[in-house]
Amino acid sequence: MLEKFLGFITQIGSRKIKQSELRQKEYQAKRENLIEIYRNLISIVNLFPNESPNDIIQNIKYGPNYSLEKYDAIFRSLDYKIEDYEKQKKFSNLDYEEKNNIEIEISNIKYAKEKLAVNRKSYHKAVKEYSSFTNSDKALFDLYASQEVRNYLVSFEVVIDNVFISGMSVEDFNDPFKNIIKISRSELINAMRKDIGII
């Protein structure tokens with residue numbers, strides 16, 4: 001009777017070991033499939049700018065409003081503002097302070113245009129790379145990624161759409177605890193790291 005009981009216990013123990021080994025193999029296969037996909041996705045989400053176009057132009061007096069990926073419209077509007085300020089500079093009745101204020105506004109607009117050009121280039125590159133990712137790696141991502149990672153990716157997509165399509169601000173560009181793009185990106189990356197056992 002005791003031998004039978006010990007045999008039964010041994011059988012249960014070996015079954016549990018086999019199940020554990022199987023789970024380890026499944027986890028290793030998942031990890032191997034996900035490491036490259038996650039590495040690629042992290043490099044793509046890091047391409048997205050941390051600042052919205054509206055954050056860049058917020059300090060311009062009576063500045064235009066960005067939405068729907070219309071960078072060109074913003075550039076045109078800023079060029080018109082520069083032209084208008086250049087005409088104002090020619091007025092003979094302006095004092096030194098007024099001319100100086102106009103020069104400051106022109107300088108602010110030119111600086112904003114430079115930042116917008118970098119922002120647009122980064123955003124378009126990120127969108128192109130993400131589109132390539134969805135066409136090539138998304139099926140494997142959907143198959144192996146945890147539900148938590150998939151949820152954080154959807155959340156990141158919503159934030160990007162809100163900022164670059166709807167024209168929302170990122171809240172506070174300089175504060176990583178308030179910048180919604182940085183927060184969403186960090187949550188997604190941490191979820192991926194957790195999913196493959198890095199943290």
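How are α6 and α7 oriented to each other? The points below take up this question first, for what is a predicted model.

1. Orientation of α6 and α7. Helix α6 covers residues 147–164 and helix α7 covers residues 180–195. Their axes come within 9 Å and cross at roughly 165°. Angles over 145 degrees count as roughly antiparallel, and α6 and α7 are therefore roughly antiparallel to each other. The crossing in which α6 passes α7 is left-handed.

2. Residues between α6 and α7. On the α6 side, the contact is made by Glu-148, Val-149, Tyr-152, Leu-153, Ser-155, Phe-156, Val-159, Ile-160, Val-163 and Phe-164. On the α7 side, the residues are Ile-180, Ile-181, Ser-184, Arg-185, Glu-187, Leu-188, Ala-191, Met-192, Lys-194 and Asp-195. Sorted by class, this contact of α6 with α7 has 13 nonpolar, 2 polar and 5 charged residues.

3. Helices α3 and α4. Helix α3 (residues 71–89) packs against helix α4 (residues 96–136) at an angle of about 165°, and their axes are 10 Å apart. That angle makes α3 roughly antiparallel to α4. Their crossing is left-handed. The contact of α3 with α4 has 12 nonpolar, 3 polar and 11 charged residues.

4. Aromatic pairs. The count comes to 8 aromatic pairs. In one of them, the ring centres of Tyr-38 and Phe-141 are 6.2 Å apart and the ring planes stand at 65°, so the pair is edge-to-face. Tyr-38 lies in helix α1 (residues 2–45) and Phe-141 in helix α5 (residues 138–144). The two residues are 103 residues apart, and their pair links distant parts of the chain.

5. The cut-off for buried is under 20% relative accessible area. Phe-141 has 1% relative accessibility and therefore counts as buried. Phe-133, at 1% relative accessibility, counts as buried too.

6. An aromatic cluster. Phe-48, Tyr-66, Tyr-71, Tyr-123, Phe-156 and Phe-164 form one aromatic cluster. Among them, Phe-156 and Phe-164 are α6 residues that take part in the contact with α7.

Definitions and conventions:
Residues numbered from 1 in each chain as written. Predicted model: local features only at pLDDT ≥ 70, side-chain atom pairs only at ≥ 80, totals over all residues. Heavy atoms only, no water. Axes fitted to C-alpha atoms, helices over the stretch in contact; angles between N-to-C directions. Helix = DSSP H or I, 4+ residues; strand = E, 2+ residues; numbered from the N terminus. Parallel < 35°, antiparallel > 145°, perpendicular 65-115°, else oblique. Left-handed = near helix turned anticlockwise from the far one by under 90°. Contact = heavy atoms within 4.5 Å. Nonpolar A, V, L, I, M, F, W, Y, C, P; charged D, E, K, R; others polar. Phe/Tyr/Trp six-rings, centres within 6.5 Å; stacked < 30°, edge-to-face > 60°. Buried < 20%, exposed > 50% of the residue type's maximum accessible area, 1.4 Å probe, protein only.
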